[in-house]
Amino acid sequence: RFIAKPCAINLGIQDSGPHRAQPNAILEKVFTSITKSPDGRRLQGLSKQLDWDVRKIQRWFRQRRNQDKPTTLTKFCESMWRFTFYLSIFFYGIRFLWTAPWFWDTRQCWYSYPFQPLTSRLYYYYILELAFYWSLMFSQFTDIKRKDFLIMFVHHLATIGLITFSYMNNMVRVGTLVLCLHDASDFLLEATNYAKYQRLCDAFFMLFGVVFIVTRLGIYPFWILNTTLFESWEIIGPYPSWWLFNGLLVTLQVLHIIWSYLIIRTAYKALVRGKVSKDDRSDVESSSEEEDATSNSTKGVLSTSSNGSNRVNGHVAVGQWTEE
């Protein structure tokens, strides 16, 4: 409110929402009581009832859905808050870990375990990270609703579970490595969101993609999972919580693979189109994609199908999973 909003205004980001749909009692009743995304058969029925063109009705529903979505200014302020935290905590973590012996030799994470001292700097690092992810867990129900809500919910659960579990079991040394590794790319992603300068946004996204893939598909499995799966087993032997701890870490790796696929696909589309697509997780729908999808559905109704064509809502993490 006091920092992000003035910054957004200085960057030329306006606090204006999408074009509002014209008042229509019949369509409003369908929108609120039946469906927000009518299929081709229902569009044909509304077209006959209102004597409107199908595309006009389709455009009305798109505008009606968009007007309930947050403005670019709201999304910018949310991203700026996360960018500030991720950047600050990343530099704090790097500065702290640079002098830590386990940062250079992961086997140090397990020597003398579990009798390892918990320093004040390590404690505050953990508490700050845990508080932030708890805030994300709660705020995701009230903040901007994204299409990747489910996958982010799983991510927050796994992250909070790992932070809490590792703290309770004094596995904070390897825990700090996991936290710092993840923060390395998160602030770059937030820097790409809703930027007015397209080339700068593209550059940040490409840098984010490289850092994300290197850290999540390279360093994480061969550095972090290697020490938790094999070095820990070798040095301290199997312990009762070994399976749970590594199960949560492997869950994160599965999410890394999914997100990496989405990043690569977005980067490929960017090369074809000439620019990186905007963050589509909570986007205002574009007319071309939405109209094409409904148009195809309508054609199916007019030809031979008696069941119509149902829309399938896709999920998105980074980049575009368009609604097909």
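Okay, Arg82: at 10% relative accessibility it counts as buried, where buried means under 20% relative accessible area, exposed means over 50%, and partly exposed is what falls in between, with a 1.4 Å probe and protein chains only. Before I go on, this is a predicted model, so local features need pLDDT of at least 70 and side-chain atom pairs count only at pLDDT 80 or more, while totals for chains, interfaces and linings use all residues. Residues are numbered from 1 along each chain as its sequence is written, and side-chain values use heavy atoms, with hydrogens and water left out.

Back to Arg82, then. Which partners does the side chain of Arg82 meet in salt bridges? One is Glu78, at 2.5 Å, N to O. The other one I want to show is Glu190, at 2.9 Å, N to O. By salt bridge I mean a side-chain nitrogen of Lys or Arg within 4 Å of a carboxyl oxygen of Asp or Glu.

Take the Glu78 pair. Glu78 and Arg82 are four residues apart in helix H5, residues 72–97, so about one helical turn separates them. Helices here are DSSP runs of H or I with at least four residues, strands are runs of E with at least two, and both are numbered from the N terminus.

Now the Glu190 pair. Arg82 lies in helix H5 and Glu190 in helix H9, so this bridge ties together parts that are 108 residues apart in sequence. Glu190 counts as buried too, because its relative accessibility is 7%.

Next stop on helix H9, which covers residues 172–192: Asp186 sits there. The side chain of Asp186 meets that of Arg216 in a salt bridge at 3.2 Å, N to O. That pair links distant parts of the chain, with Asp186 in helix H9 and Arg216 in helix H10, residues 198–236, 30 residues apart. Arg216 is buried as well. As for the network, salt bridges with shared partners join Glu78, Arg82 and Glu190 into one. The structure holds four salt bridges in all.

And what does Asp186 touch, once we skip residues up to four places away in sequence? The list is Tyr86, Tyr133 and Arg216, with contact meaning heavy atoms within 4.5 Å.

Let me zoom out for a moment. The chain has 12 helices and zero strands. Of its 324 residues, 48% count as buried. If you take contacts between residues at least 6 apart in sequence, 80% of them join residues at least 24 apart. The accessible surface comes to about 17,000 Å², and carbon and sulfur atoms account for 63% of that; areas come from the Shrake-Rupley method with a 1.4 Å probe, and for residues only the protein chains shown count as cover.

On that surface, there's a nonpolar patch of about 590 Å², made by Leu118, Tyr123, Tyr124, Ile127, Tyr167 and Met168. Patch residues have over 30% relative accessible area and no salt bridge; like charges are joined within 9 Å, and nonpolar side chains (Val, Leu, Ile, Met, Phe, Trp, Tyr) within 5 Å. Helix H7, 120–139, and helix H8, 149–168, each supply at least two of the patch residues. H7 gives the most, with three, and Tyr124 lies in that helix.

A word on the record. An unreviewed UniProt entry places "transmembrane region" at residues 83–103, 123–142, 203–223 and 243–264; positions are in the numbering used here, feature names are shortened, and annotations may be inferred rather than shown by experiment. In the model, residues 83–103 are 86% helix and 0% strand, with the end C-alpha atoms 24 Å apart. For residues 123–142, the span is 85% helix and 0% strand, and the end C-alpha atoms lie 29 Å apart.

In the loop between helix H6, 101–104, and H7 we find Pro114, and the peptide bond from Tyr113 to Pro114 is cis, with omega near 5 degrees. Ser112 is in the loop between H6 and H7 too; its phi is near 65 degrees, a positive value in a residue other than glycine. Ser112 counts as exposed, because its relative accessibility is 53%. Then there's Asn170, in the loop between H8 and H9, with a positive phi of about 60 degrees although it isn't a glycine. Asn170 has a relative accessibility of 15%, so it counts as buried.
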